[in-house]
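Reader: I'm new to reading protein models. Could you walk me through one, a feature at a time?

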Amino acid sequence: QLQSQPGTKINPASYEAKQQPSNYGYNQSLSNPDYAASVPNYAQSSPTAKTDWDSIVQNFNSTPQLLESQIVESISETEESVNNRRGNSKASVFLKSASNYSYWIFAGDDRSYWLTPKAGLKIIPVNFDTFQALFESQDYQPGCKVYLVKPAKVAQNSLSGSWELLEKGQVQFVR
C-alpha cells in the first residue's frame, strides 16, 4: 500500500520501483542527513564500479567537503556563453574561473575533467538555465537538494583557458 505524509508529492516511478525485487529498491540510509530522502539504487555509486568519476559522485552525495582539496578550478558560465545560448539553445556552453562560482571541476584518473555543482548550490530561476544546460534532470522543485548521478564532462581550451562542456551530467532532485 502506497502512503504519503501530508504535503509530500507521490512519484509513480518511485512506487513502481518499490514493487521490484530488493536489489531494485530504495536505500533509506545515506550517511549524510541532508540526503536522507529515498534515492533509487541506479543513482547510487556501486562500490565495485570502476568508472573514473565514481569517487566524485560518492563524495559529492555523502561528504562534499572531502572533495574541496581535489578541486582543479571553481567556475561559472561566461557571459558570452549565456548570451549565445539565449539566441541558440544548441550553442556550446563555456565556463571560466570565477570568484562567484557555481561549479567545481575535478581531474579524473584518465586525464578527463569532470564538473559538478558546488556543494549546497541553490537552484533558483537566475541560475536554472545554466544548470539545465549542464545537467540532465527531472522533477525539479524549488527547495530540493541536488543528488549527483553523473558529473558533466568538460575539456579546457588551451588558448583561452576556458572550459567547454563535452557531455552533460545527470542529477536528481531530492527532498
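Reader: Let's start with one residue. Leaving aside its neighbours within four places in sequence, which residues is Thr 130 in contact with?

Author: Contact means heavy atoms within 4.5 Å. By that rule, and skipping neighbours within four places in sequence, Thr 130 is in contact with Glu 77, Val 82, Arg 85 and Tyr 103. Before we go on, some ground rules: this is a predicted model, where local features need pLDDT of at least 70 and side-chain atom pairs count only at pLDDT 80 or more, while totals for chains, interfaces and linings use all residues. Residues are numbered from 1 along each chain as its sequence is written, and side-chain values use heavy atoms, with hydrogens and water left out.

Reader: Where does Thr 130 sit?

Author: Helices are DSSP runs of H or I with at least four residues, strands are runs of E with at least two, and both are numbered from the N terminus. Thr 130 has its place in helix α4, residues 125-134. The chain has four helices and eleven strands.

Reader: Is Thr 130 buried or exposed?

Author: Buried means under 20% relative accessible area, exposed over 50%, and partly exposed in between, using a 1.4 Å probe and protein chains only. Thr 130 has a relative accessible area of 11%, so this residue is buried. Across the chain's 175 residues, 39% count as buried.

Reader: Which side chain does the side chain of Thr 130 make a polar contact with?

Author: A polar contact is a pair of N or O atoms within 3.5 Å; within protein, one must be able to donate a hydrogen and the other to accept it, and residues adjacent in sequence count only if both atoms are side-chain atoms. Here the partner is the side chain of Arg 85, at 3.4 Å.

Reader: How many salt bridges are there in the whole structure?

Author: Look for a side-chain nitrogen of Lys or Arg within 4 Å of a carboxyl oxygen of Asp or Glu. A search of the whole structure turns up three salt bridges. In one of them, Arg 85 pairs with Glu 77, with the closest N and O atoms 2.7 Å apart. Arg 85 is buried at 9% relative accessible area, and Glu 77 counts as buried at 11%. Arg 85 also meets Asp 129 in a salt bridge, 3.3 Å from N to O. Asp 129 lies in helix α4 and Arg 85 in helix α3 (residues 79-87), so this pair ties together parts 44 residues apart in sequence.

Reader: And where do Glu 167 and Lys 150 lie?

Author: They form a salt bridge too, with the closest N and O atoms 2.2 Å apart. Glu 167 is in strand β10 and Lys 150 in strand β8 (residues 145-150), so the pair links parts 17 residues apart in sequence. Glu 167 counts as partly exposed, at 34% relative accessibility. Meanwhile, salt bridges that share partners join Glu 77, Arg 85 and Asp 129 into one network.

Reader: Now strands. How many bridges join β9 to β10?

Author: Two strands pair if DSSP finds at least two bridges between them. Four bridges join β9 to strand β10 (residues 163-167), and the two run antiparallel. Val 154 stands opposite Leu 165 in β10. In this hairpin, six residues come between the strands, and Gly 161 takes a positive phi near 80 degrees.

Reader: Which residue of β9 is the bridge partner of Tyr 113?

Author: That's Val 154. Strand β6 (residues 113-117) and strand β9 (residues 152-156) run antiparallel, joined by three bridges.
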